[in-house]
Amino acid sequence: MSVAAVHPGGIADHIHPEPQGFVRRYVFSLDHKIIGIQYIITAFVFFMLSGLLAEVIRTQLLNPNGGFVSSDTYNEVYSVHGSAMVWLVIIPLLTGGFGNLVFPLQIGARDVAFPWLNMLSFWIFPVSGLMLFASFLMGAPTAGWMEYPPVSLQGAAGTSMWCAAIFLVGVSSTMTGINFVVTILKMRAPGMTFTRMPLFCWGQFATAPLLMIATTALAAALAALFIEREFGVPFYDPTKGGSPVMWQHMFWFYSHPAVYIMILPAFGIISEVLPTFSRKPIFGYKLIAFSSMAIALAGFMVWAHHMFTSGLAPFLQLPFMILTFVIGVPTGIKIFSWTATLFGGKIHFSTAMLFALGFIGLFTLGGITGIFLAAIPFDLHVHGTYFIVAHLHYVLVGGSLMGVFAGMYYWFPKMSGRLLNETLGKWHFWLFFLGFNGTFIPMHWLGMLGMPREVATYDPQFAFWNRFESVASYLMAFSILLFFVNVLWSIRNGKRSGPNPWGGRTLEWQIPSPPHYYNFKHIPTVYGLPYDFAQPLPYKGLDEELTDSPPAVAAGAH
Amino acid sequence: MTAATLAHDAHGDVDQLYIETRELRLQGFLLFLISDCVLFSSFIFAYLYMRNSGQGWPPPGIHRLDVPFAAWNSVVLFGSGATMHYALENFKHGHWMRYMIFLLATIVLGAGFLAGQGYEYTHLIYGEHVTWAGSGIFGASFFTLTGMHGLHVFIGVCYLTVLVLQSSAGVYTRGKYFGITAGTLYWHFVDVIWVVLFSIFYLI
Amino acid sequence: MNGAIVERFGAVVAGIVVAVVSFYSLYKDWHAVGVENNVFKLMLFLLGVGAILAILAGLNVIGFTAS
């Protein structure tokens with residue numbers, strides 16, 4: 001179906017009747033903005049819980065002999081920490097949270113394509129999160145977030161609970177993905193062609209198919225693991241003819257694209273924050289947009305680089321190595337484009353901008369160690385050591401989580417109508433930045449020296465740097481605490497922001513904060529890219545947005 | 001069918017809202033089918049992976065599957081695809097009675113396929129003692145994949161039964177019949193999955 | 001043995017009917033436009049292929065069995 005089928009006035013330009021009552025408004029809401037905020041709140045609750053687990057890990061590692069928790073508990077703690085951070089924090093925050101909250105506004109839609117499906121996929125998410133944490137009650141999984149068989153086959157009853165929880169959160173992701181693809185394909189405002197879409201929408205547009213396709217592959221792997229654990233049907237058990245390596249294939253066929261699910265929306269956030277705070281058009285708009293798609297596509301073809309030590313046939317290893325190097329190219333294009341956007345700009349160091357700049361630096365470090373790891377000889381040396389831990393935290397915390405914080409400081413006014421406190425925000429940034437680097441930089445050389453990951457005790461020669469890391473991680477936890485204090489304080493007492501506190505040029509800044517439940521009084525018409533700061537805004541039909549006039553389309557029941 | 005042509009042969013019961021939401025629902029449904037397809041593909045990958053890592057197929061002690069019966073049963077399912085196609089065609093052209101007959105024929109053929117699969121399962125489990133959990137990777141892959149497909153067929157039969165009831169109650173009109181289109185898409189999808197499963201389990 | 005022959009015969013005859021019907025429908029719908037009609041065309045084609053496979057299996061050309 002051609003894009004021309006998007007009708008003047010947007011698809012299905014009608015306004016649902018305003019929801020009445022607290023429950024329909026804030027609990028079982030159909031409004032994409034409320035659902036986005038629900039996602040963000042829920043994910044931050046899970047973030048606190050799994051952050052606590054991370055601090056348990058670091059406290060255990062204060063001493064070479066551990067002693068804070070037992071080894072079995074330690075296994076449970078890091079397994080649930082990893083699973084929760086990936087599936088309950090980063091993915092929901094970036095797709096369900098910021099995706100829901102921002103991109104329908106940015107494309108000029110009144111809501112996502114399937115609001116009921118959206119509500120359903122939100123409500124599955126906290127349920128599955130509770131299930132995952134409830135697995136502690138019956139013996140949590142102990143094989144890490146990857147749950148490799150045969151260890152996961154022997155794990156306690158909670159491992160089956162883990163399968164069910166991740167399966168459910170996968171169903172939620174799949175539905176979100178379907179919803180977002182249809183929304184972006186069909187519900188853009190008139191004139192909002194693909195090459196005029198804001199880059200955050202491009203990030204979501206590259207992510208949504210990954211959510212939709214890759215997550216189902218994980219569902220199959222999880223279903224098979226569940227069936228094997230509960231009914232004894234052999235898939236992975238080598239003594240019955242199954243293959244544990246098959247799990248690794250199926251798992252990484254999901255989880256490598258999942259890495260891009262966790263980073264592409266963050267790329268989108270950064271691409272919004274940087275031009276706004278350097279008052280300069282983004283450099284290489286099309287390159288950034290298309291490189292997202294290239295990363296998403298290539299992400300499906302590199303999964304086996306996680307399995308170089310798993311006995312992969314040598315003739316398969318080389319193509320996977322080369323393809324992984326190739327993914328570095330579109331990522332590098334992005335980094336260069338962002339740097340070029342900064343060059344000669346009038347940079348305003350707000351907290352959101354600080355996080356975006358921190359993102360560029362830290363993500364580049366994480367990306368470069370990723371290139372190291374793609375090289376088979378190096379990977380064979382550091383596989384299963386703290387070098388991997390350092391790499392993945394640089395990408396997921398230094399990349400995705402920094403993106404999340406940049407987005408929080410940037411879009412919090414749009415959610416609440418109030419600004420987050422900048423002073424506290426800057427303390428948050430600097431303490432987080434220092435604490436993060438202090439925690440994870442030493443892991444690089446610890447890993448090179450051979451300190452294995454996922455082990456409760458370690459050789460005494462690593463004691464100094466481990467203590468250093470633990471202390472730095474407390475600093476990081478303290479900075480997160482500052483962030484929560486900031487949010488809770490600013491919701492009531494923050495400075496009123498007005499519709500557009502940052503001088504942003506995408507559509508969401510042209511309407512009141514927080515927006516009406518119908519988003520736009522008139523669906524605007526779009527004439528160009530949003531990033532050209534020298535030109536007037538490329539929108540028409542927004543004149544009445546900030547006035548008291550009623551919306552153009554009457555609210556009607558359907 | 002594009003929005004324009006649909007509006008063109010509208011019979012006074014199609015509004016703009018329906019046309020637009022129909023486009024959304026159609027796309028959403030196709031994307032759902034794609035992700036369902038990935039689910040099957042993953043299990044098919046698992047089956048082929050296990051099949052090629054073992055000591056020949058079928059593993060020692062297990063007979064080859066009964067091809068003639070499966071061929072016959074497959075044709076029953078493929079035939080139901082053809083009748084479903086004609087059900088939709090007749091509905092589009094307003095032949096309500098023929099639509100009903102073809103729809104009912106589809107249900108009967110689909111149920112027949114399920115019965116055939118039940119017969120095959122009974123034969124395997126009680127005749128040859130091949131079970132889901134007790135026969136190694138053969139039982140695991142065969143019963144999981146065909147069972148998952150059978151579940152899809154069962155859901156499809158239920159869906160089509162609902163379609164019969166809804167059609168009798170006059171839910172669908174000549175302008176508004178997305179439910180029937182979706183049912184046809186789903187049913188074809190289930191058929192096509194069986195083409196693949198039939199080939200990889202019985203023919204190679 | 002007898003049952004197998006009946007099944008083979010049924011598979012071949014019904015398979016021919018299904019294959020002819022699907023390819024004929026495909027031919028008739030060839031110029032239909034729209035997303036779902038294109039999907040239908042693909043599916044009808046695969047359905048016809050499936051029917052041909054069933055015919056060949058019924059004729060014991062592919063998927064050899066011991067009998």
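Predicted model: local features only at pLDDT ≥ 70, side-chain atom pairs only at ≥ 80, totals over all residues.

Mentor: The contact draws 34 residues from chain B and 33 residues from chain C.

Trainee: What makes the pair C:Glu36 and B:Arg22 a salt bridge?

Mentor: The closest N and O atoms of C:Glu36 and B:Arg22 are 2.7 Å apart, and the rule asks for a side-chain nitrogen of Lys or Arg within 4 Å of a carboxyl oxygen of Asp or Glu. The pair therefore meets the rule, as 2.7 Å is within 4 Å. Across the interface of chain B and chain C the rule finds 1 salt bridge, and there are also 4 residue pairs in polar contact, both residues being at pLDDT 80 or more.

Trainee: Which elements of chain B give two or more residues to the side that touches chain C?

Mentor: They are helix H2 (16–53), helix H3 (67–92) and helix H6 (178–203) of chain B, and H3(B) gives the most, with 15 residues. By residue type, the side of chain B that touches chain C divides into 21 nonpolar, 7 polar and 6 charged residues.

Trainee: Turning to chain A, why is it called as compact as a globular protein of its length?

Mentor: Chain A, with its 15 helices and 2 strands, has a radius of gyration of 23 Å, which is close to the 24 Å that the globule rule gives for 558 residues, so the description follows from setting one value against the other. The C-alpha atoms of chain A fill a box of roughly 70 × 50 × 45 Å along the principal axes, and 63% of the 558 residues count as buried. Among the contacts in chain A with a separation of 6 or more, 82% are between residues 24 or more positions apart.

Trainee: How do you know whether A:Thr42 is buried or exposed?

Mentor: The relative accessible area of A:Thr42 is 15%, and buried means under 20%, so A:Thr42 is called buried. A:Thr42 lies in helix H2 (residues 32–60) of chain A, and, leaving aside residues up to four places away in sequence, A:Thr42 touches A:Phe122, A:Phe125 and A:Pro126.

Trainee: Why are A:Arg279 and A:Glu454 called partly exposed?

Mentor: The label covers values between the buried limit of 20% and the exposed limit of 50%. A:Arg279 has a relative accessible area of 39% and A:Glu454 has one of 25%, so both values fall in that range. A:Arg279 has a positive phi of about 50 degrees although it is not a glycine, and its place is in the loop between helix H8 (244–278) and helix H9 (285–298) of chain A. A:Glu454 is not a glycine either, and has a positive phi of about 60 degrees; this residue is found in the loop between helix H14 (422–449) and H15 of chain A.

Trainee: What is omega for the cis peptide bond that joins A:Pro149 and A:Pro150?

Mentor: For that bond omega is about 5 degrees, and A:Pro150 lies in the loop between helix H4 (115–134) and helix H5 (151–154) of chain A. A cis peptide bond also joins A:Ser513 and A:Pro514, with omega about -15 degrees, and A:Pro514 is found in the loop between helix H15 (463–493) and strand S1 (525–526).

Key
Residues numbered from 1 in each chain as written. Chains lettered and ligands numbered in written order. Heavy atoms only, no water. Contact = heavy atoms within 4.5 Å. Polar contact = N/O pair within 3.5 Å; in protein donor to acceptor, adjacent residues only side chain to side chain. Helix = DSSP H or I, 4+ residues; strand = E, 2+ residues; numbered from the N terminus. Nonpolar A, V, L, I, M, F, W, Y, C, P; charged D, E, K, R; others polar. Rg over C-alpha atoms; globule rule 2.2 N^0.38 Å. Buried < 20%, exposed > 50% of the residue type's maximum accessible area, 1.4 Å probe, protein only.
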